[in-house]
Amino acid sequence: MAAETEAADGEEYESRVGASYTLSRLLQDTSARISLFLIAIISAGALFAFVDAEFLDYRLAETYLYHPLRNNVGARPLLPPVGLSNQFGEGVMAHPLGTDTRGRDIAVRLLYGSRIAIQIALVSTTIGVVVGTTVGAVSGYYGGWVDDVLMRFVEILYSIPFLVLVIAFMAAFGRELIYAMIGVSIISIPIFARLIRSEVLSIREETYVEAAQAAGVKDRNILLRHVIPNSFAPVVVQTTLQMGTNILIVAGLSFLGFGAQPPTPSWGQMLSIARNYMLPAPWFSVWPGLAILVTVMAFNILGDGLRDTLDPRLEN
Amino acid sequence: MSGAESILRVENLTKHFSTGSGVFDTVELDLSGGFPLKRTVEHVRAVDDVSFEIERGETLGLVGESGCGKSTLGRTILRLLQPTDGDIYFKGRNIADLDKGELRRTRKDQQMIFQDPQSSLNPRMKVGPIVEEPMKAHDLYDDDGREERARELLEAVGLDPQHYNRYPHQFSGGQRQRINLARALSVDPDFIVCDEPTSALDASIQAQVLNTMRELQEEFNLTYLFISHDLSVIRHISDRVAVMYLGQIVELAEKEELFEDPKHPYTRSLLSAIPVPDPSQAGSRTILQGDVPDPVDPPSGCRFRTRCPELIPPDAYDLGDDEWAAVREFMRAVRRRAFDPESRAAVEAEFFDGVSLGGEAGASSTTRSTTSPRRSGRKRRTYSPTPSPSRASAHRSSRRTNSRPVGRRAASPPATSTASNSLAGRPFSRPHSNRLASRSSENAG
Amino acid sequence: MTASTPLLSVDNLQTQFETAEGTVRAVDGISFDVHEGETVGLVGESGAGKSVAISSILRLVESPGEIVGGEIRFQGETLLSFEEGPDGERRRSPETLSNEEFRRRIRGREIATIFQDPMESLNPVFTVGSQLQEFIEINRELPPKDARDVAIETLREVDIPKPEDRFDDYPHEFSGGMRQRVLIAMAIACQPSLILADEPTTALDVTVEGQILNMVSNLQDEYGTSFVWVTHDLAVVADICDRVNVMYLGQMAEQANVHDLFDDTKHPYTEALLNSVPRPDKTVESLTPIEGVMPEAIDPPAGCRFHPRCPDAREVCREINPDARNVSDTGRPHNAACVKHDAFDVDYEHSAPIKSEDDEFGEDLQVTEGSR
């Protein structure tokens, strides 16, 4: 064992654990910084859209932008972005990204569409993390029949064909957003459960867990204070990646017509409509696709950056 | 030592582990008849029928090689593992059958210190809360009281109380062991099981930590069960010593008694096998051959018999010491396939040189050979590992006789050294068992 | 090569690591020899630099580590040496053996190694026999069938029972002692003249260690191999070494033959080390630990590196970093890097003693006389 020096009194060793340390380390990575910035912007936009849509009934949009839902009287449909022209006319500054089939501004609809994507991804991923972590941690820590039973449940969840499940839901209960959210949550749970379980299996053999048991600490506290915090690093990474995945899934659902119903915009839905106008107005489909791409990539890159930060360096 | 009452009494304590996990692991295909699927469960007999007592205030050293079950015994006593059988009387109360809640409450009085200073502290917790945690678990004091006590304890073990807010990785190995001590002491226990607490530390740090442990024992009136494989450390810190082999205690005695006059052949072998930091004693060491047998299937009867240098020859054969030793060596070499049998004459020359055995195989020997004076040495075999076709059948043996002292070539020390060489100096070495009979070699893999 | 030319000669070896916090001078100018047929001990605690020294000799030091100075000669041939380049910087001289040739001719063949952790040195997915056989095929250039025979014989030689069967077993099926024997088999399979052993028995039980030491000793008699035995355990040193080198923080503290080292210790560090370890053969009432801890090599103390912990430290020790010089009063060479000997002309006697740091906390404890 290496003998390390004791710092002289007064000199502070930097602490190598904790969120602030991780964040500062993360920010040293350029691509992580960029992705974090992008995510911040997108989230800010989504938040704005959410507030406006839920509580202010689109008043802000009406005042400063365009109403995303109502047909824009006077605007020409399917205009290309500013600077270009197609068979429907010329792009104008008023609609920098162009207009959709009903003359609505694409940029505004993108903004309000982001709210759907982020909302579902956030909620579903959170549920997935919370439930998955609990199940996985308990399963891994106690082992035995608890482990067997819980893991069988998890495997059942895994094996359900997701699309069939969601469609079945919606056929039964209606095409509300909420059912899409539930569906995406369900498929997120097993991923986290398995991840944490495998971490917990190794952490529970650590001596400090045994020491806590020997000291008489209750199981619940052992899990909360010792086991879960030390198993959490991969979960953090997976959370960001899962956000990206869930956004893709939500977009796919919207594309198929499940999820937010028109006229509420969502990216997948916009893509679906644009599909019919690929030849005459190709730009219509590019923007929502690009939005999805950039968002998912930002989360993925963030996840990569987190993985690099968390894995080797935190443990000595 | 205050009082003669025992704080811990262990009776017939047994701990077996069943091998195999999962539903199908232990199911085997057996086509010999009956139902083709059979369930076989093997048990690792880690601790088998152990009984002893520890008195208040003393340090009982528990020593043995890897796999002898000493760590398992330590953990079973604290019921970190469930005993398979037997009783554990702690302060008069049998804790072997306590339910979970009751058991948790007894943890206040018995604590454990672990071997690895690195992994025994939660890397994400600050040191202060680590020391406080046991107090919290048993609802001792309040928040402020706990913090104050934690700082006191850090000081008591030789650390700066200002480091309360540091993380474990900011301390050295020896310091982390002190944090372990502080944590164990926080609930004011009576009894501490120390599982190789200094094995992972450098020699000089080890000394510091051992000294600290001694001081703390005085100050807080502690009782230690000190588990180690290092006989030097055991000799330094223990009052009494228990020697374990393959799940059983083979000898238990006062420290000086055990080291100066060991009575069990295993203890004797152990003691004569360790190197000593004294170059003039190089060459007086003997070796204990072979590996510890598999605890799943320990030898019947005396578990040490497969390696014991003092194995008693069976009555049916009338063998002298030399013959018996030669026979044993031969049997071992056969089992290990340590040579190629050529002709009877060659085998005889190799193994039974100077010793004559008569009689039918399996029958009792009728001629008793005269006890030849103990030979001072056998011919050494030389052989080369390079085979060439012409020598493919060359006789080879991997045995090494102990015709010369083991260890460093016995260069005579310069005239200024006063220590005399080898065997005479060591009170427990026996010239006979050192040489011919110390080789034992049941191979367990 | 005459009888007096050492088999291996290391002269002023220096190895450094460039890290974000600065340059770590892990090995800072050590010199020692190994003669034919002898066992030389390299003793020191963790952080002293002994493993780095071994890696340097074997050229296994990887970036950010680098050998930056010194000369290594083996069997009279220069393996490594440095010269001054045109800009005054140090670089490897043309006599230095190329890495390619070193690997081909020397490493594994002339100079072999045994490392501490067999599980790390053996590939877990290959059988032990196949690894050994491959080693022999490469280094002794034998066809596979012959190499296999040699491998089995070598396994037999290191006392592995039923070697023909064990040949096909995987490393995890062996016990720790057996695995270490396999490593030793790999080391001797090519009949090297020198084996560098880096704490091979530290992780083993004492009885298994005894077996291994015995076996190594016999092998040495058999083949006349020389050993460099790295360890922190003074008992092992006393048992098998002929001469000993004691390292502290990258430098040599003391070098002597084993009897002189124990009976006539000349460096305070060695002395302190000997007094701080318990013994199996007699009860040591109280251990005298060495105060403090070994500092990190990145920021060694000024002057003598041991002076902050040395009970004999004086003012002059703060200023001078002594090299290991012959301080012997018998005929036998005995080097020590301590200015209190006459070989260093620094007026030690009239220098004021340094009070040991009055650090109430940390590793500096009051030593109480044992009352048991």
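The legends below describe close-up views of a predicted model.

**View 1. The open six-stranded sheet of chain B.** In this predicted model, six strands of chain B are arranged as an open sheet with mixed pairing, and their order across the sheet is β8-β9-β10-β5-β11-β12. The edges are formed by β8 (110-113) and β12 (248-254) of chain B, each of which pairs on one side only. Averaged over the sheet and with direction ignored, neighbouring strands are turned by 15° against each other.

**View 2. Strands β5 and β11 of chain B.** Strand β5 (residues 59-63) of chain B and strand β11 (residues 240-245) of chain B run parallel and are joined by four bridges. Within this pair, B:G61 of the one strand is found opposite B:V241 in β11(B).

**View 3. Helix α9 of chain B against the sheet.** Helix α9 (residues 265-273) of chain B packs on the sheet, where the helix touches β11 and β12 of chain B. The direction of this helix makes about 100° with that of β11(B).

**View 4. The contact of helices α8 and α9 in chain A.** Helix α8 (residues 207-215) of chain A and helix α9 (residues 219-256) of chain A have axes that come within 11 Å and cross at roughly 180°. Because angles over 145 degrees count as roughly antiparallel, α8(A) and α9(A) are therefore roughly antiparallel to each other. On the α8(A) side the contact involves A:Y208, A:V209, A:A212 and A:Q213, which meet A:I222, A:H226, A:V227 and A:N230 in α9(A). Sorted by class, the residues of this contact between α8(A) and α9(A) are five nonpolar and three polar, with no charged residues.

Definitions and conventions:
Residues numbered from 1 in each chain as written. Chains lettered and ligands numbered in written order. Predicted model: local features only at pLDDT ≥ 70, side-chain atom pairs only at ≥ 80, totals over all residues. Heavy atoms only, no water. Pairing = 2+ DSSP bridges. Helix = DSSP H or I, 4+ residues; strand = E, 2+ residues; numbered from the N terminus. Axes fitted to C-alpha atoms, helices over the stretch in contact; angles between N-to-C directions. Contact = heavy atoms within 4.5 Å. Parallel < 35°, antiparallel > 145°, perpendicular 65-115°, else oblique. Nonpolar A, V, L, I, M, F, W, Y, C, P; charged D, E, K, R; others polar.
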